[in-house]
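Reader: I have a structure to study and some terms to sort out. Please take me through them one at a time.

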Amino acid sequence: MIRYLTFALNCYPTMAIRLVSQTRGVLSKMGGTQTATGNLVFAVNGERFELPTIDPSTTLLEFLRSHTPFKSVKLSCGEGGCGACVALLSKYDPVLDKVEDFTVSSCLTLLCSVNRCSITTSEGLGNSRNGFHAIHKRFTGFHASQCGYCTPGMCVSLFGALVNAEKTNRLEPPPPFSKLTVFEAEKAVAGNICRCTGYRPIADACKSLAADVDIEDLGLNSFWRKEHSKEEKISKLPVYDRNDEVCTFPEFLKMEIRSGISFDSKRYNWYTPASVEELQNLLNFDEGTGTKIVVSNTGMGYYKELEPYDRYIDLKHIPELSMLRIDQTGVEIGAAVTISKIIETLKNENQHEFRPTDRIILQKLANHMEKIATGFIRSTASVGGNLVMAQRKYFPSDIAAILLAVDSTVDIMSGHQFKKITLEEFLEGPPLDSNSILISVKIPNWASVGKLSPENNTTLLFETYRASPRPLGNALPYLNAAFLAEVSPTKTSDGVLVNHCQMAFGAYGTKHAIRARTIEKFLTGKLLSSDVLYKAIKLVRAAVVPEDGTANPAYRSSLAAGFLFEFFSSLIDSGTEISNGFSNGYTSTSLFKHSKPVQNNNQHYPNKIPTMLSSGKQVLQLSKSYNPVGEPITKSGAAIQASGEAVYVDDIPSPVNCLHGAFIYSRKPLAWVKSIKLNQKPFPDGVAAVISSKDIPDHGKNVGSRTGFGAEPLFADDQTHCAGQRVALVVADTQKLADMAANSAVVSYGMENLEPPILSVEEAVKRSSFFDVPPFFRGKPVGDISKGMDEADNKIVSAEIRLGSQYYFYMETQTALAIADEDNCIVVYSSVQCPEYAHGVIAKCLGVPAHNVRVITRRVGGGFGGKAMHAMPIATACALAAQKLQRPVRMYLNRKTDMIVTGGRHPMKITYTVGFKSDGKITALQLEILIDAGIAIDVSPIIVPNVLNGLKKYDWGALSFDIKLCKTNSTSKSAMRAPGEVQGSYIAEAIIERVASTLSLEVDSVRNVNLHTYNSLKSFYEGSAGEPVEYTLPSIWDQLAVSSSFNQRIEMMNEFNRRNKWKKRGISRVPIVHEVLLRPTPGKVSILNDGSVVVEVGGIELGQGLWTKVKQMVAYALSLIQCNGDGDLLDKVRVIQADTLSLIQGGLTAGSTTSESSCEVVRLCCNILVERLTTLKEKLQKQTGNVQWETLISKISGVHAKCEPISEFLLYP
C-alpha cells in the first residue's frame, strides 16, 4: 500500500497531512507518478509518503516517531553520537541506474533533505508478522540485546554494512554467510553505544554473518552447544539469503524520479540551488529572516538550535561544492562532499598521479578521518561544514588540524567575489559572514608543487595523532596533531637532517588549530639529536597552552610533547640520551645507517587492519534436572526489541489532544525565585501552560519523590536550593516547542538574605551541614586502631583520595505519559524501576486516594538505579499537568536536561592513614569519608554501609572510620549500579596499591597477604560471615591463578617489559565481595482457558532478563504435574507489564536479586496450582490414560460456571 499524506495536526503548525490509501495499480495508471507538482515525496520501508507542506526544521526522527508506525528509531543523545536513531538512507541515480545506501542519524537528518529518497528502519528488515530478518535472529540468538533500546539502531548499522558488502565483486560465500568481513562487521557498530549488554555478544552477532569468521571464536548462544562440530554449528545459524534481501529503494519511487518533477522550494522554505549563481541570488535576497545553510545538519548535534530559522539553503546540488577532482597538482574537494566520500577517495590505490610518499599522506589523512565521529555521521557530514564550524564557532576539528599540516588551501565566495587562501589564513581570519561560502578545499601534491628538496636521498615522513576518551565512535579529542617532515641522512655522520617540517596542533583548548611555526623554524636545518629534540619539546610545551577553563590542561600539553617525541625519537642516532632525564636513557638504532629512513607506526603499511576486539571463550555446564531453568534460551522479547516492535513508554502513540512537557530548572545553586517568563509573553504560540508548585491541589503536597528516609519536592517553591532543581513545567503542543520554550524561559532570581551556597563537602563540614544516618547503617569499628598502628613498621599518614560523580547514561532518558481518567482517576505510563513508589508519590501530590492512581510499566530502556527515585518526578509532573489541564501529557527529557536534573553517583573525599608491615600486611586503617549527598536525602544513607561492605573485603587488622553524609547545594545523588560498593572497593584497592608502591612489592602479593582468614572475616562481617566451609574466597583466589595461568603470564609480562622501553603490559586479579539482599516480591500466575499462562511479578524488566528467568521457572514448576505435551510449556507462558492496581507491593527492582525473588514467588504460586490440578489429573488419567495439558485445563474451565481463569497470588519472602 502507498500512502499519500497531506495532514494538518496540532504538533506542526506549518504541516498539513491528508491520508489517502491507493494501490500500485492506480500508480501505474497515472503514468508512473501520483505526485502533485513540487511536493515532498519519500518512502519509508517501501511505503510512499507525500507531504504538501512541513516545517523545514522537522527531523526525520520526529516525523517517523510522530506520524508513522515505525518507532524503532529512538531518541537518546540527540547529537548523533549513540546510534539509537540510525536509519538506512537510500538515494537513486537515474543516470547510472544505481542506488546508494548509507546509514544516517535520523535525529539530525532534516526531513526535507530526504526528498525522493527511501528510508529503511529495523521494522523494514523484518518483523513478528512477516518473519524476522537474519540480523534480528542472530542478535536474539547471541543474547545481544538486554534493555533493547539501542538494538534496532545496531541492526540497521549492521544492515547498512551488509548491503554495501553485497554490492562488491567478492566471491560468493557459502550459506549462511554474507560478503561481509569480520573487520567490516565489527566496525559497522563501532559508533553504536550500548550501556548494558556489553559488546562481546553484539560483536558475535555481527561477525556471525561474515564469510571469514572463525565459528569457534563466537561466544555463548542459543543455536548450538559446545560439543557440536563446526559443520553442525554453521548449519544451525539462521538462514541468510542474499537473493531474498530487503529492497531498499522501491520501484515506484524510481519511476517518479525519472519523471523529473521538481521540488517547490518556496512552499517549504527549503531551497536547493543548482549553481553558484543561484546560491548568490538566494544569499543576496535578504528579507531580514534567519537563513540556515545546510548540507547534512550534523552540526546541530553539537550546536543546538535555540531559535527556529525561517528558511534553509541546501548546498548538496551545486556542482562546484559537490565535486571531487584529482590531478597532478593535488586533490580538490568540494565543501559539500561528505567525509565518507573523501575517505573512500583518499584510500583509492589507483592514484597514479601521485608518488608513493604522496599516496601515503592521503591514506594517512583518510585513516585519521575514520576516527572522526561515527560512520552514520561521516556518511552525511561535509568537510566544508566541519571547517566552517571550526572557523566560526571554534569547533575542535580534527580535519582542520590534519589538513593544516599539509598546506591545504581553500576557495571562498564572498558575495560575487572569489578568493583562494591558505587554510591557516582561513582559520585565523574573522568568522565568515552570512554572505560568504566555503566552496572547496585543496590538498596539494607535494611532488608536483615543488615543495620537496631536489636531492634523491630525502624522505617525506607524515603522521597524524589523536587522543580522545574513545579511539572509535563519537568522542571529541583532547588533542590532535599532524606532523610532516622532509629528512635526509647527513654525508658526514649517521645523523638525520631535518630539511623541512610542518606541524599542526588542534583541539587542545584554543580557538582553532595552529601551525607551530616556532618549532618548525627551530627544527628546520637541524641535525636531530636528543638535545635538539628535548629543546623542541620545551618549545611545544610553551606553544601548546590551553586557554583558561579548559579541562585537563597539563594532560593536553603533555600529549603534544609526547606526540612530537614519538614522531622524531626513532630518527635519533643510537647511544645518545635526551638531556635532563627526559627519556630515562632511551636509545634507538639509527634508521639511516644503510638505507633511507623508514617511519615508525607502519608508515609504509597504512592499510594494515588492526584487531578490533580480543577473543575469548565462555563454557557453561548445564543441568537438565530443572529444564528449562538454566538453559541459554533467547531473552524474552529480544526479537521484537531487535525489530523495533517492542513498545517503550515514548513509543506509545500519543492520545488525542496530547500535550508535551519540559522542565524549567534553576541555574542558581541557592536563590529566591521571583518570576518566570517565556519569551517575554505569558504563553507563546503552541504553549498551553506553565505548571509550578502553585498548581498543586489544595489537598496535595509538593512532593516529587519519596523514600523511607525522606521526600524531595516536585518543584522549588519560593526558593531554589540547587542548580538543576525543577522550578516549573512548560506544557506545549510538541516536545520540540516545549523544549524551546523551557530553554528560552527567563527566571528572575533574588539573592538577598541568603548565605553562600554549600558547593563542596569541605564547606559542608565547616557549616555542619549533614544528613542523619540511622544507627544501624553506621557500622562499627573493628579492633584496636591504636594497637594496630603501634604494630606497624611503616605508615602512610593523611593520604587523600577524591572520587567524582558519574551520570547514569541510560539509553532511554526519563519519560512518562499521564492520561486523566474518569472519576478523578489518572493512568500513568512510566519508565520506572519502582512503580509502587511512584504510585504513592503521585497520589500524595494530587491529593487523591491511592486507588485513583494507576502506574503501568512494561519495560525500561536502561536504569542502573537512575530510574528508581529520579523517575518519580517525571511521572508526577505529567500526572499533575494532566489532572489540571484534563488533557494527556507526556514528557521525554532531552539528554542535557536529564543529565542536569538527575544527579548520579555520590562523589566522595577520603582521607586515610594506614599502618603496615614490611611484607605488606596491613595492621590498621583509619578513614575519614565525606560523601556528597546533594540537596535531598534520597537513598543516601544506604551508601554508608555499602561503602563499608566494599572496604571490608580485606583484613585491615584494625579498622576505624568516620563517615559523614554531607548536605550540599547540588542535585540529590541516588543509587547507581552497586551504590557505595564501587567506591568502597576502589578505596580498598587504592590503599593496597599505595602500600605496594611504598614497599616496592608486587600488588598481587600485597592483596594476597591481606585476604581474610575465617577468623578475621567474622570480625569484619559480624553476623553474616556464615560457616567456615562457606568462605571460599581464598580457594577461588588460588583456583583463578591456576585456571588462568596467572603466574606464567606474569613471567611473560615481565619479560616483555624488560625488552620494551615504552610499551608496557600488566595483569592483575582483584577480589570482590558483594552482600546479597533479598526484597519482598509479589507474583501472580494465571492459567487461561486454552492452557496459556499469564504471569505478573513485581520486578521490572530492565534488560536483565527477569521475564526470561520467570518464564523458565513457571514452565519448570508447572511441568511437575507431568501432563503429556507439557514439554512446550515455555511457549505458553507470557509475562506481562507491571500494573500497580493489579499487583500491589511491587517494591523496587534493584540489587541484582529481583529476578531470583520473582522466580521464587512464581514457583510457590505454581506449586499451589499444581497441587490443585493434581487431583483432577489423576482422576482423568484413570479414565483416559494419557492426559494432555490443554485437556486438563479445559476440564477445569468446564467445572467453573463462569469459566474464570485460575490464579494464585503470593508475596515472597
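Author: Contact here means heavy atoms within 4.5 Å. The model is predicted.

Reader: What makes helix 11 a helix that lies across strands, and which strands are they?

Author: Helix 11 (residues 276-284) lies across strand 13, strand 14 and strand 15 (436-444). Its direction is at about 50 degrees to strand 13.

Reader: How do you know that strand 13 and strand 14 pair?

Author: Pairing needs at least two bridges. Strand 13 (residues 409-414) and strand 14 have 6 bridges, in the antiparallel sense, so they count as paired. Within this pair, Val-410 is opposite Ile-421 of strand 14.

Reader: Why are strand 11 and strand 14 said to stand at the edges?

Author: The open sheet has 5 strands in the order 11-12-15-13-14. Strand 11 (324-327) and strand 14 (417-422) each have a single partner strand, so one side of each has no neighbour in the sheet.

Reader: What does Phe-426 touch?

Author: Leaving out residues up to four places away in sequence, Phe-426 touches Leu-387, Val-388, Gln-391, Val-410, Ile-412, Ile-421 and Leu-432. Phe-426 is also among the residues that touch the most other members of the largest nonpolar core, which has 147 residues.

Definitions and conventions. Residues numbered from 1 in each chain as written. Predicted model: local features only at pLDDT ≥ 70, side-chain atom pairs only at ≥ 80, totals over all residues. Heavy atoms only, no water. Core = buried A, V, L, I, M, F, W, Y, C linked by side-chain atoms within 4.5 Å. Buried < 20%, exposed > 50% of the residue type's maximum accessible area, 1.4 Å probe, protein only. Helix = DSSP H or I, 4+ residues; strand = E, 2+ residues; numbered from the N terminus. Axes fitted to C-alpha atoms, helices over the stretch in contact; angles between N-to-C directions.
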